[in-house]
Amino acid sequence: SVTNPFGKATLIQLLKQFDSLHKDKKNISIGFIGYPNVGKSSVINTLKKRGVCKVAPIPGETKVWQYVMLTRRIYLIDCPGIVYNEGESEAQIVLKGVVRAERLESPEEYIDEVLKRAKPESLEKLYDVRGWTDADDFLKLIAQRFGKLKKGGEAHIDIVAKMVLNDWQRGKIPFFVPPPNMKPEELLNTGPEEEIKEPEEIPEKDEEEIEEEKEGEK
């Protein structure tokens with residue numbers, strides 16, 4: 001994030017190393033490409049120390065390419081999200097945040113995958129419900145808890161399912177995947193005991209400094 005940037009100095013060093021390999025170029029442009037809603041714009045904002053790219057916790061916020069000057073020679077390109085054809089199921093695509101929950105015709109079909117991934121205690125704490133037997137029962141309990149009911153007291157499954165998917169896509173439901181090839185015991189041993197130090201951050205030049213350099217070169 002802009003306020004607590006972890007890894008920023010390392011990334012800036014990498015970009016500067018890449019720049020040094022292309023000194024024959026007038027400048028270089030580096031594009032941020034990936035799935036929607038994974039933080040491409042947020043990385044650029046962190047590198048610039050302010051919100052130069054619009055961000056939102058929902059897919060599709062970035063609609064056009066945006067060029068952002070990091071230094072006099074390095075430009076960053078914020079790109080709209082793209083979806084790779086990797087043979088993933090529709091549920092996997094939805095849970096990756098590629099499609100907004102509001103646009104799903106049958107959002108309740110994806111709740112079972114949420115239950116498989118999220119820890120029951122996390123869901124219990126977030127929604128204050130317990131003892132569900134399946135996805136349908138889970139949605140009914142939430143509907144009763146939050147008053148999402150139709151006339152006659154029937155649970156409004158569609159609305160509740162979209163609410164749960166929105167919470168998932170916005171990160172309100174805790175979930176993570178360990179790094180590749182990481183053993184379970186290594187994951188359990190990670191904690192605050194060992195402080196991770198980043199390389200010293202290289203001072204960045206802002207637009208005013210760049211303009212002063214340009215004036216001096218004239």
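**Helix packing and strand pairing in the predicted model**

Helices α6 and α7 pack at an angle of about 95°, and their axes lie 9 Å apart. Here axes are lines fitted to C-alpha atoms, for helices over the stretch in contact, and angles run from 0 to 180 degrees between N-to-C directions. The two helices, α6 and α7, are therefore roughly perpendicular to each other (angles of 65 to 115 degrees; under 35 counts as roughly parallel, over 145 as roughly antiparallel, and the rest as oblique). On the α6 side, the contact (heavy atoms within 4.5 Å) is made by Asp136, Phe138, Leu139, Lys140, Ile142, Ala143 and Phe146, and on the α7 side by Ile157, Val160, Ala161, Met163 and Val164. By class, this contact of α6 with α7 comprises 10 nonpolar, no polar and two charged residues; Ala, Val, Leu, Ile, Met, Phe, Trp, Tyr, Cys and Pro count as nonpolar, Asp, Glu, Lys and Arg as charged, and the others, Gly among them, as polar.

The model is predicted: local features need pLDDT of at least 70, side-chain atom pairs count only at pLDDT 80 or more, and totals for chains, interfaces and linings use all residues. Residues are numbered from 1 along each chain as its sequence is written, and side-chain values use heavy atoms, with hydrogens and water left out. Helices (H or I, at least four residues) and strands (E, at least two) are DSSP runs, numbered from the N terminus.

Helix α7 covers residues 157-169, and its end C-alpha atoms are 18 Å apart, in agreement with the 18 Å that 13 residues should span at 1.5 Å a residue (1.5 Å times one less than the number of residues). Among the buried residues of α7 are Leu165, Trp168 and Gln169, where buried means under 20% relative accessible area, exposed over 50% and partly exposed in between (1.4 Å probe, protein chains only). The buried residues of α7 pack against α3, α4, α5 and α6. After α7 comes Gly171, with a positive phi near 80°.

The contact involves Lys8, Leu11, Ile12 and Leu15 of α1 together with Val43, Thr46 and Leu47 of α2.

Strand β1 pairs with β3 (residues 74-78) in the parallel sense over five bridges; two strands pair if DSSP finds at least two bridges between them. Within β3, Tyr75 is the bridge partner of Ser29.
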